[in-house]
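The sequence and the model come first.

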Amino acid sequence: MVKIKAAAIVLAAGQGKRMKSALPKVLHPLAGKTMLSHVLALVKGLTLSPAFVIVGHQAEAVAKAAKEHNIETRLQNPPRGTGDAVLQAKADLRHFRGPVLILNGDTPLLREKTIRGLLNTHRKQGATLSLLTVKLADPGAYGRVIRREDGSIDRVVEYRDANAAERKVNEINTGVYICESTFLFKALDQVQPNNEQGEFYLTDIIGIASREGEKLVGLEADPEEVIGINSRADLALAEAAFQSRIHRAWMEKGVTLVDPSRIRIDAEVKIGAGSILHPGVSLEGTSKIGEAVMIYASRIKDSRIGKGVTIKDFCVIEDADIESGAVVGPFAHLRPGSVLRKGAKVGNFVEMKKSELGEGSKAGHLSYLGDATIGKRVNIGAGTITCNYDGHNKDRTIVEDDVFIGSDSQLIAPVKVGRGALIAAGTTVTKDVPRDALAISRIPQDNKAEWAKRRRNQKKKKK
Ligand code: UD1
Ligand code: CA
């Protein structure tokens, strides 16, 4: 990709009052990443430099997010409007000559291609100021783009400051601008806070450019891309738009989505061709799904799922590694550090944590496997529990290859069951079991002849 010579400023100092949230608006997640990180990934992708994020409200938290993308921050304290926000980078751009891309931190659906298009138009037309606009059937509370009779842009008026006629205009300001640095800071020095909110509006520079006869260009964008998120309703709308974008991309790559509207896939997730996702699937974080994987209604987060794996319904899988051909669920809970080797099976109501189930091994029903290393071809009977925690320490259970563990057994860690051993059903294993041995710990059964019948008869007599 060609490196573009432009600076970038991302505005992220506002509180986002309309979200009614303790979390700064730009840190709300969309497809598993914060809004801000979507915008910063765009800035990084365009290799814009220098680039700054303007922070203010909960500056520390927002700055931390910016740092993850190696983008510098400047503090706006207190936030007094979008124009005042841009001014916080004035000193840094003192010697910079050229176009500055300005983005709001709350428009995470913008595509790189669109910004490249705007930069190209800006350059080709020799513009001083270019802005991305969009025509909306319902222009809501966005700033309106007011044009003169000849079609040229006159100014942008905020919804709150607009009169009835202006509010009827359906072309809106998306908050994406490219402005020549010299004009930008000169114009911003003229901006006054005489508007309904008493803020310094960045949008006022559009009217200034027009009055001063500077070349102004408006480029129309795809409405979906420029959704500005101000409320939780906007966030839900944006999530839906983002999801359908992600869905389309995976379907094009050969993944079947059965009723996509009920499937969630985070932005960073990878899925192999030939996989089939059923309704109710949620693939989250950095999960990597292999080829030909079948997944029913389940939540999978930050996990690696191998080729040909089947995940049946209602499983919660987090930070787990599942190798090819394994079968999981229904109703399994694989907590962080769970590893299923090739062809292993975990059935209903089995919980695993920091445990490995070896190749071809099975834990079919009602088990807890915590801090356990289980070898190959092991059968874990129904109701087997690793007792890994004594209230102070956590200890490991080791089960070697070809062991058979009968139902309702407890393995009190630290303990080791040697290769080929057999644990009788109902056994409480408190000491190591040697190779090929049978371990059995039960109170011998005592059958009292006719006992039940006698009790029945006694009861009858009382009546
Ligand atoms: C802004 C535009 C509006 C446009 C809309 C597009 C202005 C005055 N209005 O309105 O014309 O239609 O975006 O989505 O610019 N911010 C700061 N410091 C501040 C105030 C805001 O950094 O002092 C940041 C916010 O964190 C946010 C962005 O600037 O990321 C936009 O602020 P917001 O309050 O959402 O502006 P809108 O009312 O949506
Ligand atoms: Ca906004």
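Does Lys20 count as buried or exposed? At 73% relative accessibility, which is over the 50% cut-off, Lys20 counts as exposed. The model is a predicted one, and the values below are computed from it.

**Backbone geometry**

Lys20 sits in the loop between strand 1 (7-12) and strand 2 (29-30). Its phi is positive, about 50°, although Lys20 is not a glycine. Leu366 is another residue other than glycine with a positive phi, near 50°; Leu366 belongs to strand 29 (residues 362-370). A positive phi, near 50°, is also found at Thr47, which follows helix 1.

One joins Gly329 and Pro330, with omega about 0°, and Pro330 lies in the loop between strand 24 (327-328) and strand 25 (332-334). The other runs from Ala413 to Pro414, with omega near 0°. Pro414 is placed in the loop between strand 35 (410-412) and strand 36.

**Val415 and strand 36**

Val415 is located in strand 36 (residues 415-417). With a relative accessible area of 4%, Val415 is buried, because buried means under 20%. Leaving aside residues up to four places away in sequence, Val415 touches Arg396, Thr397 and Ile398, as well as Val429, Thr430, Lys431 and Asp432. Leu438 is 23 residues from Val415 along the chain, and their C-alpha atoms are separated by 15 Å.

**Accessibility and cysteines**

| Residue | Relative accessible area | Class |
|---|---|---|
| Cys315 | 2% | buried |
| Val415 | 4% | buried |
| Cys387 | 27% | partly exposed |
| Lys20 | 73% | exposed |

The structure holds zero disulfides.

**Helices**

Helix 1 (residues 35-45) is mostly covered, with eight of its eleven residues buried. These are Met35, Leu36, Ser37, His38, Val39, Leu40, Leu42 and Val43.

Two packed helices are described by the angle and the distance between their axes. For helix 6 (residues 181-188) and helix 7 (residues 204-211), the axes come within 10 Å and cross at roughly 110°. Helix 6 is therefore roughly perpendicular to helix 7, since angles of 65 to 115 degrees are classed that way. Which residues of helix 6 and helix 7 meet? Phe183, Leu184, Ala187 and Leu188 contribute from helix 6, and Ile205, Ile208 and Ala209 from helix 7. By class, this contact of helix 6 with helix 7 has seven nonpolar residues, no polar ones and no charged ones.

**Calcium site**

Which residues coordinate the calcium ion (ligand 2)? The ion is coordinated by Asp106 through OD and by Asn230 through OD1, at 2.3 to 2.5 Å. Asp106 lies in the loop between strand 6 (99-104) and helix 4 (112-124), while Asn230 lies in the loop between strand 11 (216-220) and helix 8 (232-252), so the pair ties together parts that are 124 residues apart in sequence. Both Asp106 and Asn230 are buried.

Terms used. Residues are numbered from 1 along each chain as its sequence is written. Chains are lettered from A and ligands numbered from 1 in the order in which they are written. This is a predicted model: local features need pLDDT of at least 70, side-chain atom pairs count only at pLDDT 80 or more; totals for chains, interfaces and linings use all residues. Side-chain values use heavy atoms; hydrogens and water are left out. A disulfide is a pair of cysteine sulfur atoms within 2.5 Å. Buried means under 20% relative accessible area, exposed over 50%, partly exposed in between (1.4 Å probe, protein chains only). Axes are lines fitted to C-alpha atoms, for helices over the stretch in contact, and angles run from 0 to 180 degrees between N-to-C directions. Helices (H or I, at least four residues) and strands (E, at least two) are DSSP runs, numbered from the N terminus. Angles under 35 degrees count as roughly parallel, over 145 as roughly antiparallel, 65 to 115 as roughly perpendicular and the rest as oblique. Contact means heavy atoms within 4.5 Å. Ala, Val, Leu, Ile, Met, Phe, Trp, Tyr, Cys and Pro count as nonpolar, Asp, Glu, Lys and Arg as charged, and the others, Gly among them, as polar. Donors are N, O and S atoms within 2.8 Å of the metal (3.2 Å for Na, K and Ca); water is not among the atoms, so sites may look incomplete.
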